[in-house]
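Trainee: Can we go through this one together? I'd like to hear what stands behind each label.

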Amino acid sequence: MLSATPHRSIWRILSKYKHVYLMAVIPVIYMFVFNYVPLVGLLIAFRKFSPRYGVVSIFTGQWMGLEYFKQIFSNYYFSRILWNTVRLSLLKTVFYFPMPIIFALFLNEMRTIRFKRVVQTISYFPHFLSWVTVAAMIRMLLSPSVGIINQLRESLGLSAVSYLTKPTSFLATLIISEIWKGVGWGSIIYLAAIAGIDPTLYEAAQLDGAGRFQRIWYVTMPGIAPTMGVMLILRMGTILNAGFEQVFLLYSTPVYSVGDIIDTYIFREGINNVQYSYSTAVGLFKSLIGFVLVVLSNKIAAKFEAGLW
Amino acid sequence: MSKSKLYGQDRVFETFLIILFGLVILTIIIPFAYLIMVSLTNQTNIRAFFLPDTHITLTAYRAVMNPKIFTAFGISVVRTVVGTSANMVVSIMFAYVLSKRDLPGRRGLNFYMVFTMFFSGGLIPGYLLTITLGLKNSYLVYIIPGLMSAYNCILLRNAFFTVPTAIAESILIDGGNDWHVLIHGVVPLSKPAIATIALFYAVGHWNAWFDAVLYMSDSSKFTLQVVLRSIVYNNQIANEMGANLTDLQSTYIPVESIINATLIVTTLPIVLVYPFVQRYFVKGVILGAVKQ
């Protein structure tokens, strides 16, 4: 079909935006190389990686099909690792998720503006620390010999506890430190959502005789429900990410039974033991499940009219 | 805003809130206070802090001011400055592209970027790629693999959406091109968001350690966090640092003191920069999070 308006030819349009497209070149190339090309590298999960040929084995290595995936399921440790990941992630979600919300709800009630600002400033700070720093702090504070916690225990006549080498206290440490590090920063988005609630709703509630907590329950909560929904969906999609950096920096062999998660396993098998094919298969398995979970949770959320798209 | 006094129940509740949040911020302040005290007194026992003959000494910090730390500190600084600059240039450019609603192919580009947030090759293919590109043991591995974060780009894009199109139109009518619109129009009007994203990237660089662990075989190329990590895991290194103070060979500096001093040195830049940028990011995060 001949164009009846040659002025609007595709070249004309493109040249109008030529600078804009030029700006897009580097980012597009970057994403192609570092995000899309590795997707091709996933093929290594289906081929036998040969150290002799190196990366080329992605395309030329012996075809192993689902062999490595079968190995995953027959691996004695894998169910433990999968369960560790899910358990840690669920525990973190259950204990961590409500905290920024509660933090925001209560902080919002504070009328002393100056102190409120101080609290916000200080509580955001741990978010900006690296896990290396926080893990170092934890080791210092929890140390059985010199840690402040154990010093307090001993002064009370209790014996010292090595928190990082006992499975239960290890998990508790992971969860508590995650809360400590993230609650302030995580509350920002809820404080913003609360600020966006129509003030007349509060007035109406007050006129109807609603007390403080009733106002929170009937006005604030529904107001931030969409935000909570989105945050929860995002969380569901990342359920298999239990926090690699934190675990890696704090775990040790005595707590592998509860602390070894999928990502630490992939790291050890892949990087330390050079099992590229096998560990890529594990990673691929993890991504597939993650994808299914994101789609599922979004469908569920759509029923409640919240959602990412 | 009227400052009304609180009475009765409200006053009680307010007191409760102040105590509650006072405790919360104490959980953040006390650990740091303890670590600082250990590093300044070379004592690990809390009781020692109150004894009269416990003095404040800077020996731990002097032990920490050795070439190894200086090098790592310098590398971290350069990495943060160069890396963040590169990040911002690329992210701002692409955010601008994505913010031009009438651009043909914009939805495709959007999808192209968002897709990368959900699907990635994972650790091993990424590792193999980076090695194949010859970035092993190169300083470029600190800059290039993490050049742009899709998430940060989205925040910038949303901020750019709020810039009135009249700005772009008036610049274009005056004979400018999109580069002018970006540099003289959009960027100056999006300062809170840009400051926020720059902070995110900068903190990411300053705190990064895993890429150095993966790709750097030469320990002189390590960033500060990596050195901190190696000190925590290997007391030997800390002891060596303590022993290197030639004029104080008779003084024993506990390993904990050195570790804490290094920790403080690593955290100090963030503490110093933090108050200045703090006022920007609540605005910036909200701007980015609110969809247009």
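Trainee: What makes A:Lys286 and A:Asp263 a salt bridge?

Mentor: The rule asks for a side-chain nitrogen of Lys or Arg within 4 Å of a carboxyl oxygen of Asp or Glu. In A:Lys286 and A:Asp263 the closest N and O atoms are 3.1 Å apart, so the pair passes. This pair links distant parts of the chain: A:Lys286 sits in helix 16 (residues 276-303) of chain A and A:Asp263 in helix 15 (residues 262-272), 23 residues apart. Both A:Lys286 and A:Asp263 are buried. Helices here (H or I, at least four residues) and strands (E, at least two) are DSSP runs, numbered from the N terminus.

Trainee: Where do these numbers come from?

Mentor: It's a predicted model, where local features need pLDDT of at least 70 and side-chain atom pairs count only at pLDDT 80 or more, while totals for chains, interfaces and linings use all residues. Residues are numbered from 1 along each chain as its sequence is written, chains are lettered from A and ligands numbered from 1 in the order in which they are written, and side-chain values use heavy atoms, with hydrogens and water left out.

Trainee: Why is B:Lys100 called buried?

Mentor: Buried means under 20% relative accessible area, exposed over 50%, partly exposed in between (1.4 Å probe, protein chains only). B:Lys100 has 12%, so it counts as buried. B:Asp178, at 5%, is buried too. The side chains of B:Lys100 and B:Asp178 meet in a salt bridge, 3.6 Å from N to O. B:Lys100 lies in the loop between helix 3 (67-99) and helix 4 (106-118) of chain B, and B:Asp178 in helix 8 (residues 178-189), 78 residues apart.

Trainee: What makes A:Glu109, A:Arg212 and B:Asp10 one network?

Mentor: Shared partners in salt bridges join them. A:Arg212 meets A:Glu109 at 2.7 Å, N to O, and A:Arg212 also meets B:Asp10 at 2.8 Å. Within chain A, A:Arg212 and A:Glu109 are both buried. Over all chains, the structure holds seven salt bridges.

Trainee: How many salt bridges cross the interface of chain A and chain B?

Mentor: The rule finds one. It also finds 23 residue pairs in polar contact there, both residues at pLDDT 80 or more. A polar contact is a pair of N or O atoms within 3.5 Å; within protein, one must be able to donate a hydrogen and the other to accept it, and residues adjacent in sequence count only if both atoms are side-chain atoms. On the side of chain A that touches chain B, helix 2 (residues 18-41) of chain A gives the largest share, 20 residues.

Trainee: How do you know how big the interface is?

Mentor: Contact means heavy atoms within 4.5 Å, and 83 residues of chain A are in contact with 88 residues of chain B. Buried area is the accessible area (1.4 Å probe) that two parts lose on being put together, summed over both. Here that comes to about 7700 Å², with carbon and sulfur atoms giving 79%.

Trainee: How does the radius of gyration of chain B compare with a compact globule?

Mentor: The radius is taken over C-alpha atoms, and the globule rule is 2.2 Å times the number of residues to the power 0.38. For 292 residues a compact globule would be near 19 Å, but chain B has 25 Å. Its C-alpha atoms fill a box of roughly 75 × 70 × 35 Å along the principal axes.
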